[in-house]
Amino acid sequence: MACAAARSPADQDRFICIYPAYLNNKKTIAEGRRIPISKAVENPTATEIQDVCSAVGLNVFLEKNKMYSREWNRDLQYRGRVRVQLKQEDGSLCLVQFPSHYTLSLTSGS
C-alpha cells in the first residue's frame, strides 16, 4: 500500500478515463452510457472528446488502441479512450468547475 500512497495525482496513470460509450446517446446504461440521454451525443469519437477537453483547458491525452470492455463492435470508430487530469501534483483541482469525473462527462457530452 505504501506504493499507492506515494503516487502523485499528476501521474498519467492516475488520470480519469473517458470512453466514447460513456457519452453515446445510442447506448443504454447497461451498454455503458453514464450520463442522461438529454446530455449525451450521437456516436462521439475519442478524438472529439479530446478536442472538447483540450478546448476547455484540461490536460488530456488520447489512447487510440484502447477499447471499452462492454463494446461489442470492434470497428475503428469505437476505439480509443481519453485520459484527463483532474488534480494537480499537490492534490488541488486543475479547474474548479470540474471537481469530479461526472461533471466533466456532462460537459464533454454537451
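The structure holds zero disulfides, a disulfide being a pair of cysteine sulfur atoms within 2.5 Å. This is a predicted model, in which local features need pLDDT of at least 70 and side-chain atom pairs count only at pLDDT 80 or more, while totals for chains, interfaces and linings use all residues. Residues are numbered from 1 along each chain as its sequence is written, and side-chain values use heavy atoms, with hydrogens and water left out.

**Cysteines**
- Cys17 is partly exposed, with a relative accessible area of 25%, whereas Cys53 counts as buried at 1% (buried is under 20%, exposed over 50%, partly exposed in between, with a 1.4 Å probe and protein chains only).

**Sheet**
- Three strands form an open sheet in the order E1-E3-E2 with antiparallel pairing (strands are DSSP runs of E, at least two residues, and helices of H or I, at least four, numbered from the N terminus; two strands pair if DSSP finds at least two bridges).
- Strand E1 (16-18) and strand E2 (60-63) stand at the edges with a single partner strand each, so one side of each has no neighbour in the sheet.
- E1 and E3 pair over three bridges, and Ile16 has Val84 of E3 as its bridge partner.

**Core**
- The largest nonpolar core has 19 residues, and those with the most contacts inside it are Ile18, Cys53, Leu58, Val84 and Leu104 (such a core is a set of buried Ala, Val, Leu, Ile, Met, Phe, Trp, Tyr and Cys residues joined through side-chain atoms within 4.5 Å).
- Helix H2 (46-56) and strand E3 (81-84) are the elements that give two or more residues to this core, and H2 provides the largest share, three residues.
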